[in-house]
Amino acid sequence: MKSTMMDQPLSINHLLERAGTIFASNEVVSRLPDKSLRRHSYGEIRRRTRALGDALRTLGLRKGDRVATLCWNHHAHLECYFGIPAAGGVMHTLNLRLSPAEIGPIAADAEDRFLIVDDILLPLYRQFADLHRFECVIVFPFSGAPVPADLEDYEQLLAAADPDGFEYEPHGENDPVSMCHTSGTTGQAKGVVYSHRSTVLHTLVGCLGDHWGFKSTDVVLPVTPMFHANCWGVPYAAVMLGLKLVFPGPHLHPEDLLDLMQLEPPSVALGVPTIWMGVIQAYERALTEQPGRWRLPAGMRSLVGGSAVPESLIRAFDRHGVWLLQAWGMTETSPLATVSYPRAELQGADADERYRRAAMAGVTVPLVDLRLRTDEGGDAPRDGQTLGEIQVRGPFITGSYHGLPVTEDKFTDDGWLRTGDVATMDELGFVRITDRTKDLIKSGGEWISSVDLENALMAHPAVAEAAVIAIPDAKWSERPLACVVWRAGVQATPAELSTHLLARGFAKWQLPERYEPIDAIPRTSTGKFWKLRLRELFPA
Ligand code: ADP
């Protein structure tokens, strides 16, 4: 017997058409370099996106060609998300926080033919232009300054194009739409390529009620860069549902974000913990120093992930009526793979238990299979104790890297992605990340979780941030070293910090060997604690 269903490929083009017709008057707001706000309706965004597709074709784009973007978060970047695949191209987001020496080889690895770049990022582009030659460079006049005569002007190209006559490039659902290189925190950057199918399925899963839980009335503020794992896929979901989007442009300082929240209050924001740590510190400081300057939008929820989310951060925001919803994933997983939400069994749980769960990576999302493999090769029991490496598979998990052979350090023989993250899982299926394989601390044959120590230290009133690394030790092989950043005007002694950890259930042998006060924890290009750098700073 055959199914009677139509064999229509999943397609992100459908999402754009839906937004541009059903939700034509809903708004996309972008903050420009001069901090003014620029507004477009979804009807306009649809026309401009189709115009971009037409313009790229006129410039010679062929199916499968890579079009790199080097852009902040704004409406034109959103147009790239849809307009490049509309013409059959593959959007390749370049991470503007990497050094030029890193960006050039990434563009070369993808064999990018085109580049769409913000005018304010041209100085960065010029520093890697010699490392990879784009055939065509299109400048988005974000600041309004004139575009250099030897380069293409995005707005002029759109003005000359024919959005009404434009026809989408025919495609199969497994054809590529976008490409992102892993940020290379722990090694060489590798290309992950997403398809129409993986993107649509990921979008639908992300929108589930317990996940992002978007409603048509939501206003979404994506602080997560659009160059990082497709901004967690949220732009696709926002467009599918016609949600009002508020893009912060290049203004990501806590004060700027809080200002923007007053001008265009979001109901949902998304970003890495670093961003929210900065926001809450600025906000709480202002409560005493400049009362009334800002109000956090009532009932706002914030999607947080990309690195461990300290329980103290979740509690701090909750005190001001904002709930942080933690998710775990990676570039390779589109990225959403687990989300922490109070499932039915936890409805009656007390506040401490809810916070404890919210600080975990959470429950595996539908369509993803997740297992924890122990050192011995079996599956870790769901006891909340036994450590194992997270391995995943599913229709929006990458099965290889662009241009690289499938190797056993990244993929298992039976077809699972090895994430390099170490975790436990409990009886309710809650995953708790304890470390990355490379960051694990093994002391006297026992594992110590750097993430647990960091979270506990960050709950101390004198500690703004803490990162824990392993240092070599003759007797125990490795011992933990804690780098701490003090809150303004306060400090604690090592003995006080150790007492605080002991009171939180750590055993004596798990306590850091040393505490090193530092001004700031070094960050990677995507805002994670840069432990490689810390290990260089404190080799022993
Ligand atoms: P890269 O791997 O290059 O740093 P990714 O953005 O793909 O770039 O990072 C994915 C990694 O980020 C995960 O493997 C994990 O180590 C970390 N991560 C993501 N979300 C969380 C989370 N909620 N808790 C702890 N770690 C997280």
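**Cavities, domains and salt bridges in the predicted model**

The largest cavity is lined by Trp 323, Ser 340, Tyr 341, Pro 342, Leu 346, Arg 354, Arg 357 and Ala 358. The structure is a predicted model: local features need pLDDT of at least 70, side-chain atom pairs count only at pLDDT 80 or more, and totals for chains, interfaces and linings use all residues. Residues are numbered from 1 along each chain as its sequence is written, and side-chain values use heavy atoms, with hydrogens and water left out.

A cavity is a set of points, on a 1 Å grid over the protein atoms alone, where a 1.4 Å probe fits but cannot get out; lining residues have an atom within 4 Å of a point. Grid points are joined across faces, edges and corners, and a volume is the space filled by probe spheres set on the points. Four cavities of 30 Å³ or more were found by this rule. The largest holds about 70 Å³ of space. Its lining comprises five nonpolar, one polar and two charged residues. Here Ala, Val, Leu, Ile, Met, Phe, Trp, Tyr, Cys and Pro count as nonpolar, Asp, Glu, Lys and Arg as charged, and the others, Gly among them, as polar. Helix α12 (residues 351-358) gives the largest share of this lining, three residues. Helices (H or I, at least four residues) and strands (E, at least two) are DSSP runs, numbered from the N terminus.

The loop between β14 (323-329) and β15 (336-339) contains Pro 335. Ser 334 is placed in the loop between β14 and β15. The peptide bond from Ser 334 to Pro 335 is cis, with omega near 10 degrees. Ser 334 is a residue other than glycine with a positive phi, near 85 degrees.

The chain is divided into domain 1 (12-211), domain 2 (253-436) and domain 3 (441-537). These bounds come from an automatic or database domain assignment. The C-alpha centres of domains 1 and 3 lie 40 Å apart. Five residues of domain 1 are in contact (heavy atoms within 4.5 Å) with five residues of domain 3. Between them, the two domains bury about 390 Å², 56% of it on carbon and sulfur atoms. Buried area is the accessible area (1.4 Å probe) that two parts lose on being put together, summed over both.

A salt bridge is a side-chain nitrogen of Lys or Arg within 4 Å of a carboxyl oxygen of Asp or Glu. The count comes to 36 salt bridges. Between domain 1 and domain 3 the count is zero.

Technical notes: On a 1 Å grid over the protein atoms alone, a cavity is a set of points where a 1.4 Å probe fits but cannot get out, and a pocket is an open set with protein on both sides within 12 Å along at least five of seven lines; lining residues have an atom within 4 Å of a point.
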